[in-house]
Amino acid sequence: MRLLQLKDDGEFSLIEFVGDTIPRYAILSHTWGADNEELTFKDLVKGTGKSKAGYKKIRFCGTRAANDGLQFSWVDTCCIDKSNSTELQEAINSMFYWYHKAAKCYVYLSDVSIGGSIKNNHFLQQRWKPTFRESKWFTRGWTLQELIAPASVEFFSIEGERLGNKKSLEQTLHEITGIALQALQGRPLSHFSVDERMLWAARRQTKREEDAAYSLLGIFDIHMPLIYGEGRQKALNRLQKEIEDNNLIKLPIAKGASFDSHMEEHNAKCLANTRVELLHHIMEWSKDRNGKPIFWLNGMAGTGKSTIARTVAELFANKCQLGASFFFKKGEGDRGNATRFFTTIARDLAVYIPGIIPSIRKAINANASIFEKTLKDQFKQLILQPLTQASHALSHSLKFVVIIDALDECEREEDVRVILQLLARTKDVGPISLRVFVTSRPELPIRLGFKQMSDGTYQDLILHEVSREIVERDIALFLEHTLGKIREQRSLSSDWPSKEQVQILVQMATPLFIFADTACRYIGDTRDNPQKRLDIMLQYQKRKVSQLDRTYLPVLNQLFDDKEDEEDKERRISEFREIVGSIVVLESPLSIISLARLLGIPRVDISCRLDLLHSVLSIPVNEDMPVRLLHLSFRDFLLDPQKRKKSQFWVDERETHKRLAGKCLQLMSSPKGLRQNMCNLLRPGTLRSEIDKQAIANCLPPEVQYACRNWIYHLEQSKGRICDGDVVHTFLQKNFLYWLEAMSLIGEAPESIRMINSLQLPIDVSIF
């Protein structure tokens, strides 16, 4: 690095420094004038150029640095020998680092004039601000790194009058540039997405068109060769590829598991002014340096744990402190088990802590099947070791929170205990502080998992033991708000609902927020009169039934007419169990169209049966979109073994799995199911990556893909067994190779091995 030194005689000299010998220095940020007016490296070497307009900036920088006790300064116009392409490449690739290491950065605004000294002159202090906002300096491509990289940035007018610094002007700078306040305040750029950083750079101008890309190298921590003459777009394309390669780690993830995924987008968060004390308690836990690394929020079904988890995740995301999130959900594919848990967490962490990417990439290169290894190996190689190694390179501490919701919905109890044991090991990772927020029901495997942790590892809060007064207040606020919206939408009288009616609903709901939510969905259904539905809901106050019965019976009882004959009623109940029973036990959700094809039931029949169930199921208008449970407690209600022979809505879980296993086999064996070379490939051995994804989707529609992935799952859950000559045996004899081909096409070849092995497990009853 070459630095300017202002000598005692007022002349400048250039001194070259290497490595650790570089002294403290000031650096200049400015808007370039015409090339022939800027002082160059050659001018300084020859001792010429003092008559150039740009010399004034050099003199200003050197003098200001001396006043601040700095002997050296750096200015891009004259400290780089631009005739030396190697030196120019090194300089531009090092630019962000040089600005970052500068003791002072002086921004010289040649188009901002104040016409005098602003000291003690209020008029002049105000006059410069409009021209400051319009300064050409803010439109430069290079301004982005010159403003963000240095810790100390000071702004000066053309007269050399100090206007303020990055701290005093941060709100104005944020408004002018669109750069996040946290970035201006020094938060690492890795905390901001690539898209957000690209947005800061939008519409900026550079003298040389390729510099539109080269000026962003430091913003994305990229090093790449400069090719002047390649043009703006090619340079940006190369930069984009470098960014992708730098951030690329091919980790399989659980689709929809992150709190901000599209699948979670429309799920509720805490209403304003509710859960105030609880949210404050959680935020204080995250700030407490001596706090325990794990916070366990547990509560029985329907107490609002997931709503709180989504709210907490959003709060931490807004503070740039959310490291990762995983929202378990039974019946949602990989979200219902731990198979992709640690790979999803690792992928999220890599976004905010890019320093772990090289270690993760190294682990993948060393063992391409790491994703299929034990949870312990995945955690160690994809999370713990990368965090430990990244922490060695950090000069400052980082604090992140990982949100894990509904851990009780993880399929295998053994996995739950392993996850808890491993998460406890993240508390000592040097300057990287990881806090873990977990929600779950207080199921035995989870209680045992926490009990096995060492003292001081976690703190818990039991949601259903929160003061009844606080819960009633929050539920009342929710009901008043939601019923108020229904009143406005349906143009009901201003006194509906009455205070007495709301209070009765509050008493019926407490402590279950899911009751309040389901009741409002039921009452607000546009297919009926909300006043009538509220009256029906209130009738259940006097019945001696459980809270889940009070929650779901009003919705389900409307499916039947008291006047219909027993034969019709039995037919409707049977259809309900087949359709809704299938929906609640599916391994992953299907659309109405796919469900109709899998079950062999007309699509119109399924739509009609679901038409009155919008209070308990998410049923999209587009019948190609999946039908989902709104809350797992509806599944619990239908499958509860204690309701056998007591409730007409009871669904036999094992029998439903048995029926679904048979439907999967039947669909795969049908003429529209599996066959040799189902994608009509031109030659054997074609790589899957070479096959058009849409071609695979056309040949293997969602219901066929579901059957391929899950027929053995349903067989296992039914507790059935395979017998010589039965439909399973017949399917394997006729279609086994076709099934393997299909599994390969949909990217599930490794999973097919596990599925085949599971068929050998001991079983006890005949299935077909």
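These legends go with a set of close-up views of a predicted model.

**About the model.** Because the model is predicted, local features need pLDDT of at least 70 and side-chain atom pairs count only at pLDDT 80 or more, while totals for chains, interfaces and linings use all residues. Residues are numbered from 1 along each chain as its sequence is written, and side-chain values use heavy atoms, with hydrogens and water left out.

**View 1. Glu-264 and Arg-335 pair up in a salt bridge.** A salt bridge here is a side-chain nitrogen of Lys or Arg within 4 Å of a carboxyl oxygen of Asp or Glu, and the count by this rule is 38. For Glu-264 and Arg-335, the N to O distance is 2.8 Å. This pair links distant parts of the chain, 71 residues apart: Glu-264 sits in the loop between helix 11 (232-247) and helix 12 (276-287), and Arg-335 in the loop between strand 9 (322-327) and helix 14 (341-352). Helices (H or I, at least four residues) and strands (E, at least two) are DSSP runs, numbered from the N terminus. Glu-264 is buried at 3% relative accessible area, and Arg-335 is buried at 1%. Buried means under 20% relative accessible area, exposed over 50%, and partly exposed in between (1.4 Å probe, protein chains only).

**View 2. Asp-408 and Arg-441 form a salt bridge between two loops.** Their side chains meet at 3.7 Å, N to O. Asp-408 is in the loop between strand 10 (398-405) and helix 17 (413-423), and Arg-441 is in the loop between strand 11 (432-440) and helix 18 (444-451), so the pair ties together parts 33 residues apart in sequence. Asp-408 counts as buried at 17% relative accessibility, and Arg-441 is buried at 13%.

**View 3. Arg-709 meets Glu-748 in a salt bridge.** The closest N and O atoms of Arg-709 and Glu-748 are 3.1 Å apart. Arg-709 belongs to helix 30 (residues 702-717) and Glu-748 to the loop between helix 31 (727-745) and helix 32 (749-758), so this pair ties together parts 39 residues apart in sequence. Arg-709 is partly exposed at 31%, and Glu-748 is partly exposed at 22%.

**View 4. Asp-525 belongs to a network of salt bridges.** Linked up in this network are Asp-525, Arg-527, Asp-528, Arg-533 and Asp-611. You'll find Asp-525 in the loop between helix 21 (513-524) and helix 22 (530-539), buried at 5% relative accessible area. The Asp-525 side chain also reaches the backbone nitrogen of Arg-527 at 3.0 Å. That is a polar contact: a pair of N or O atoms within 3.5 Å; within protein, one must be able to donate a hydrogen and the other to accept it, and residues adjacent in sequence count only if both atoms are side-chain atoms.

**View 5. The Ser-615 side chain reaches the backbone of Tyr-522.** Here the Ser-615 side chain comes to 3.2 Å from the backbone nitrogen of Tyr-522. Ser-615 is in the loop between helix 26 (603-610) and strand 13 (617-618), and at 2% relative accessibility it counts as buried.

**View 6. Ile-27 is buried in strand 3.** Ile-27 lies in strand 3 (residues 25-30) and has a relative accessible area of 0%. Ile-27 and His-100 are 73 residues apart in sequence, yet 9.8 Å apart in space, C-alpha to C-alpha.
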